[in-house]
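Hello,

Here is the structure I promised to pass on to you. Please have a look at it first, and then read my notes below.

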Amino acid sequence: MESHGPFEQFVIHRLVPIQIGNVDASFTNASLWMAIAILLATILMTLAVNKSALVPGRWQSVAEVSYEFVANMLRDNVGDQGKQYFPFIFALFMFILFCNLLGLIPYSFTPTSQIVVTFAMAAVVFIGVTIIGFARHGLHFLMFFVPQGVPAFLLPLLIPIEILSYLFRPISLSVRLFANMLAGHTMFQVFAGFVVSLGLLAGWLPLSFIGALYCLELLIAFLQAYVFTILTCLYLNDAIHMH
Amino acid sequence: MDPAAAKLIGAGLATISLAGVGVGIGQIFGSFVQGALRNPAAAPKVFGNVLLGFALTEAVALYALVIAFLILFVF
């Protein structure tokens, strides 16, 4: 039996090596699980509303509840003007949720535990929101960095802070999701190591703890998808309505 | 000092920030219970915000974890 360190589960393997020029565009296990997440989400949502009825069945209820959940979140935080961005927000939520949940299956791989994946998503949100802000308000969007109701002599101090905190958004957004997934899965592995090392006599103690931890991780998987999406909504609201 | 020992000490020190996170999470849920007992009707409405605050606070703990990992494995 080969030994497994707590970080071995995050190693990326090339499944189908593809080399385009100097770019390594291989199909890896991360790509595989992202593809599975997208496929499952698409199949679930398509089949659920395929034979839609006035009184929803089980699967249609799942689709409707998730639709309403995201739609309410968007309406509460952005208002009616956010409606046109619903497809993106919904796709983002479902993708992160499925990646997080699929990662909890033993021996699977969690794409959201890779900073590359989460940072790519956060960068798309950040750049998109900035473009929306400039497209809607023109150069007036720069006034977003000038806090209102502040004495003028404080502005040279506050404007750089505002700009810096704006630039840190994609970093905090991506690291939050990535670190949550990384920490949760590392913790599983560490406690699984305790089970093996304590053996038959006391090994059931950490094993039962893993069970409790698993429930917490299910909550975290949903919660982090929720937090990522709601922060995207808040950023969108900032860009559309400014202050 | 031996660099390996300094690394371990640094990673241990990075976890001190968990104290603040513990206070924060306790504060969030404590305040929620207090508010919920005063006005139970409003409790379901703010529970989403409670979870959001919990997740944001927990993320701070994870930044500390990331820093601990950086100290241990990158440098």
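What follows is a short tour of what I found.

First, a word on reading the names. Residues are numbered from 1 along each chain as its sequence is written, while chains are lettered from A and ligands numbered from 1 in the order in which they are written. This is a predicted model, where local features need pLDDT of at least 70 and side-chain atom pairs count only at pLDDT 80 or more, while totals for chains, interfaces and linings use all residues.

Let me begin with chain A. Chain A holds seven helices and four strands (helices are DSSP runs of H or I with at least four residues, strands are runs of E with at least two, and both are numbered from the N terminus). Along the sequence the pattern is β-β-β-β-α-α-α-α-α-α-α. Its C-alpha atoms fill a box of roughly 70 × 55 × 45 Å along the principal axes. Of the 243 residues in chain A, 28% are buried. Here, buried stands for 20 or more other C-beta atoms within 10 Å of a residue's own, exposed for 12 or fewer, and partly exposed for anything in between, with C-beta atoms placed from the backbone.

Next, the core. The largest nonpolar core has 48 residues, and A:Ala37, A:Phe93 and A:Phe98 have the most contacts inside it (such a core is a set of buried Ala, Val, Leu, Ile, Met, Phe, Trp, Tyr and Cys residues joined through C-beta atoms within 7 Å). At least two residues each come from α1, α2, α3, α4, α6 and α7 of chain A and from α3 (43-74) of chain B. The biggest share, 12 residues, is given by α7(A). Leaving out residues up to four places away in sequence, A:Phe93 touches A:Val70, A:Ala225 and A:Thr229; two residues are in contact if their C-beta atoms, placed from the backbone, lie within 7 Å.

One helix to look at is α4(A). The 23 residues of α4(A) should span 33 Å at 1.5 Å a residue, and its end C-alpha atoms are 32 Å apart, which agrees; the expected span is 1.5 Å times one less than the number of residues. Among the buried residues of α4(A) are A:Val117, A:Met121, A:Val125 and A:Phe126. Their cover includes α1 (29-48), α3, α6 (169-202) and α7 (204-241) of chain A. Just after α4(A), A:Gly138 has a positive phi of about 65 degrees.

How do α6(A) and α3(B) pack, and at what angle? The angle is about 75 degrees, with the axes 9 Å apart; axes are lines fitted to C-alpha atoms, for helices over the stretch in contact, and angles run from 0 to 180 degrees between N-to-C directions. The two helices are therefore roughly perpendicular to each other, a label for angles of 65 to 115 degrees. The residues that meet include A:Val175 and A:Ala179 in α6(A), and B:Leu62 and B:Val66 in α3(B).

Lastly, two loop residues. A:Tyr107 sits in the loop between α3 (86-103) and α4 (115-137) of chain A, and its phi is near 70 degrees, a positive value in a residue other than glycine. A:Tyr107 is exposed, with 5 other C-beta atoms within 10 Å. A:Gln81, in the loop between α2 (58-77) and α3 of chain A, is also exposed, with 12 other C-beta atoms within 10 Å.

Enjoy exploring!

Methods. Angles under 35 degrees count as roughly parallel, over 145 as roughly antiparallel, 65 to 115 as roughly perpendicular and the rest as oblique.
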